[in-house]
Amino acid sequence: LVTLKLLKDVNTAKAISVSGNKTLDLNGHSFTGNVNVTPSDPDACFTIKDSSNGGSIEGALTVSGAKAAMESGSIKGGVQIQNAGEFTLNGGTIVGCALNGADIKNGTFTMYGGTIKGNTGAGVALSAENSDHATFTMSGGEITGNTIGVLVSENDSSNPGGNVFKLKGSPRILGNGSKDVACNVKLEGTS
């Protein structure tokens, strides 16, 4: 297991790609740029944590055909899950994204803890199309203060199990929507 620990703020215009069993310790610093997690060993997982306070990724995390997890810290550019990627949120915050906090196009997102808040779009959007599958399982944590809490796109007739949302345990989805209209979970038609 390799741990990459930030010793100062990092700003890069170019996206970085990571794979394998690695941990990014934000160590109270910000990483400004996008991070792409790509496949390697099927059991490998890229983990984000913050051993200090205030560490953040100021960009998007894309999990494409790989596994990634977040223990602490924050992501301010959203999480994209595609190509059968897997993302687990155990702690930390996905916050202030211009679009969706997490967008599952093809893969799984499991939320045991942490917070998804203050995103302009949905906290979590399940948007699988055609033969793709998007699954969001929420067992803990909180989704709050987003324009929509959880957005589930309608499955078309050729892909009846495309978007699946499961609630377990005692998660909290509250305070989403505008000041006039609450919108904690929205089922959206696509046809």
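Let me start with glutamate 58, which is partly exposed at 32% relative accessibility, where buried means under 20% relative accessible area, exposed means over 50%, and partly exposed covers what lies in between, using a 1.4 Å probe and protein chains only. Before I go on, please keep in mind that this is a predicted model, in which local features need a pLDDT of at least 70 and side-chain atom pairs count only at pLDDT 80 or more, while totals for chains, interfaces and linings use all residues. Residues are numbered from 1 along each chain as its sequence is written, and side-chain values use heavy atoms, with hydrogens and water left out.

Glutamate 58 sits in the loop between β8 (56–57) and β9 (61–64), and strands here are DSSP runs of E with at least two residues, whereas helices are runs of H or I with at least four, numbered from the N terminus. If we set aside its neighbours within four places in sequence, glutamate 58 is in contact with Ser30, Phe31, Thr32, Gly33 and Lys76, contact meaning heavy atoms within 4.5 Å. Glycine 20, on the other hand, is 38 residues away along the chain, and its C-alpha atom is separated from that of glutamate 58 by 22 Å.

Now to the chain as a whole, whose secondary structure comes to 0 helices and 24 strands. Its radius of gyration is 16 Å, close to the 16 Å given by the globule rule for 191 residues, so the chain is as compact as a globular protein of that length; the radius is taken over C-alpha atoms, and the rule is 2.2 Å times the number of residues to the power 0.38. Buried residues make up 46% of the 191 residues, and among contacts between residues at least 6 apart in sequence, 49% join residues at least 24 apart.

What about the aromatic rings? There are 3 aromatic pairs, counted when the ring centres of Phe, Tyr or Trp (its six-membered ring) lie within 6.5 Å, with planes under 30 degrees apart called stacked, over 60 edge-to-face, and the rest tilted. Phenylalanine 87 and phenylalanine 109 form a tilted pair, 5.3 Å from centre to centre with 50° between the planes. This pair links distant parts of the chain, since phenylalanine 87 belongs to strand β13 (residues 85–89) and phenylalanine 109 to strand β16 (residues 107–111), 22 residues apart. Phenylalanine 87 is buried at 1% relative accessibility, and phenylalanine 109 is buried too, at 0%. Both belong to one aromatic cluster formed by Phe87, Phe109, Phe136 and Phe165.
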